[in-house]
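Please work through each task before reading its solution.

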Amino acid sequence: MTKVQFSQVSLAFGDRDILKNVTINLSPGTRAALTGANGSGKTTLLKILAGLVAPDSGDCVAQKEARIAYLPQSGIVHSGCTLRQEADRAFEYGYDLEAEIEKIGDVLSTNPKNPTPLLERHHQLSEKLENSGWYRRDVLAEQVLLGLGFSREDLNRPVEEFSGGWQMRIALAKVLMQGPDILLLDEPTNYLDLEARNWLEQFLQSFAGGFLLVSHDRYFLDVTVTEVYELFNGELKRYSGNYTNYEKIRKVELDSLVTRYHQQQEEIHKLEDFIRRFGVKATKAAQAQERQKMLDKILEQKIEIPESLKKIHFSFPPAPHSGRLVVTLEGITKSYDNKHNVINDLNLVIEKNQRMVVAGRNGSGKTTLLKILSGKDSQFSGSIKFGSGVSIGYFSQDSAEVICGKQSVLEYIEKDAPLELIPKIRDLLGAFLFRGDDVYKSLDVLSGGEKSRLALLELLLRPVNLLILDEPTNHLDLNSKDVLLEALKDFGGTVVFVSHDRGFIESLATFVLELVSPKPDSLTGTVRYFPGDYNYYLDRIEAERQEQSEIVKSQVVTKKTQEKISDSPSGAMQHEEQKRLKNERRRLERREEQLLEEISILEEKKQVLENELANPSVYSDATKSRSIMREIDELTKKMDDLALEWEEVTAQLQ
């Protein structure tokens, strides 16, 4: 079993210890999350594990030829080829193996004196190549790319045409296709919609190797990991179980830590107060010096608590009064090209205090609808009517673009904050990840993510009664999400939102509006309403899928043929149709047997070729070896095609 062991790893930046004697073991079967406050060193640790950053001290012991694949949070851009060609670059490992096999074959063809080591190496590499899925790489590439949301039409598009988020999906796809022993994933769900996240969850659950990942999506962590590593004050501690289990165990530990922290803080304040009051008095100087020694000793063992424990409860300013009917939409239709309607004939009434999530795949019109509701987009047909007293607060990723200037973060938020919230501004900024000296940063030096968090906080401080939020949790950690979620639950107005964080949706939504993208043979998308929470919506969708599956299984003929049968007034015609159906079924049964026989024959041929390839007289001949490997590749492709047809035929027969 491949293992990677890191022992006593330490790293410091200046006088700050990022990692202190960290030890972690990774192997196939590892299903681990790495957690910790922002800035605790999670990304740094992943880079050390990936071999991209050298630690100050510590040992790394990895078994020979162990393969580790790393996905960073952002910053990967592809160019110069199509998506299909870029995906093929993920299989460099297989190309390297193939090249080494051919090289050994060339050496063996010279009849070396001691061929045994070369023969063993050749056999070992051939087995690795076979087990790596090399001969099914085209099929694997399509499965991964389609699972992550790309379409078949995308496969031949130049990679330069894809946006930054889709560029990171390409990078994720390549990492998964490599089939490494260990996967290191830093926020892999950041750019994925719900469907792609669900696919990634299933992929990781069946992944043969091990993985360590960082994520701020609690639901994703709960269904994928079986252990959690926490980085706190540079030290790493392991907890067994999923993320929710970790939080329960950690809460018990931290409750005790917080109690001791407050006791220590109280003692520190008492000593500091005594020293301040009596340090300059001659009669108390000796006692003050004694107190100073006590204080110094305490500070040497000062208790620190994670920022995530410094929780605050944030309340919105009171929502202005509005009528029961907040927004009424009639016949809303939106098209960008005057051909395809992204939103088609949408009729909807949003009532006071609803928490409505807009669901649907990427490109189904979710952001477009939110822009229409917020008034940012007026180029549509139909009518939209707001109820009396409605005041709107709108957040999108574009909200960050207007934040600029020389003001500090603290000054920017204080200028518009309600008077009663001024004393809580520092706590609120901390909840949105502006901690310590971060509050004094100039607006012009903030990253896009920091500006988005600031724009969201700025919005939440305004007195509105209709919040329209497009991906509000994108740049928040778990603690910040919890603060936002609790505030939205207590909010006295109405919320319409889009999110790819399933846990956030499940906790907030009371109504689901599903937008369905136009199908290839249609010019318009559709809209569906689900008056219930997100779990109700998922149950309905699953029930519909099962019902549709039963319909497909029961079908032996096409819908067109069935319509002919139902419309036929003649008993004779019905008899002929039934006779035709029986003939069709017999044809399918014969085809099923034929396909199984063909697959069996191809498997036997493949086995013969593989046995032949293991023959020293063959693999010592580079030309003959390459020829056989090409034949094996072709046979594998034919077997995959026949297996796909067999599945289709079987589905028709059931």
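**Exercise 1. Salt bridges**

Solution. The model is a predicted one, in which local features need pLDDT of at least 70 and side-chain atom pairs count only at pLDDT 80 or more, while totals for chains, interfaces and linings use all residues. Residues are numbered from 1 along each chain as its sequence is written, and side-chain values use heavy atoms, with hydrogens and water left out.

Step 1. Apply the criterion: a side-chain nitrogen of Lys or Arg within 4 Å of a carboxyl oxygen of Asp or Glu.

Step 2. Consider one pair. Arg 218 and Asp 482 form a salt bridge through their side chains, at 3.1 Å from N to O. Arg 218 belongs to helix H8 (residues 218-224) and Asp 482 to helix H15 (residues 478-490), so this pair ties together parts that are 264 residues apart in sequence. Helices here are DSSP runs of H or I with at least four residues, and strands are runs of E with at least two, numbered from the N terminus.

Step 3. Arg 218 is partly exposed at 23%, and Asp 482 is partly exposed at 23%.

**Exercise 2. Further charged pairs**

Determine the setting of the pairs Glu 450 with Lys 441 and Asp 501 with Lys 481.

Solution. Step 1. In the salt bridge between Glu 450 and Lys 441, the closest N and O atoms are 2.8 Å apart. Glu 450 is buried, at 13% relative accessible area, whereas Lys 441 is partly exposed, at 27%.

Step 1. The side chains of Asp 501 and Lys 481 form a salt bridge at 2.6 Å, N to O. Asp 501 is in the loop between strand S16 (494-498) and helix H16 (502-508), and Lys 481 is in helix H15, so the pair ties together parts that are 20 residues apart in sequence. Both Asp 501 and Lys 481 are buried.

Step 2. A network of salt bridges links Glu 230, Lys 237, Arg 250 and Glu 253.

**Exercise 3. Nonpolar cores**

Which residues have the most contacts inside the largest nonpolar core?

Solution. Step 1. A nonpolar core is a set of buried Ala, Val, Leu, Ile, Met, Phe, Trp, Tyr and Cys residues joined through side-chain atoms within 4.5 Å. The largest has 64 residues, and Leu 176, Leu 183 and Leu 204 have the most contacts inside it. Helix H6 (residues 164-177) gives the most to this core, with 8 residues.

Step 1. Leaving aside residues up to four places away in sequence, Leu 176 touches Val 144, Leu 148, Leu 183, Trp 199, Leu 200 and Phe 203; contact means heavy atoms within 4.5 Å.

Step 2. A second, separate core has 50 residues, including Val 357, Val 439, Ala 455 and Ala 509.

**Exercise 4. Helix H11**

How many residues of helix H11 are buried?

Solution. Step 1. In H11 (residues 366-374), 7 of the 9 residues are buried, and the helix is mostly covered.

Step 1. The buried residues are Lys 366, Thr 368, Leu 369, Leu 370, Ile 372, Leu 373 and Ser 374.

Step 2. Gly 375 follows H11, and its phi is positive, near 90°.

Terms used
Buried < 20%, exposed > 50% of the residue type's maximum accessible area, 1.4 Å probe, protein only.
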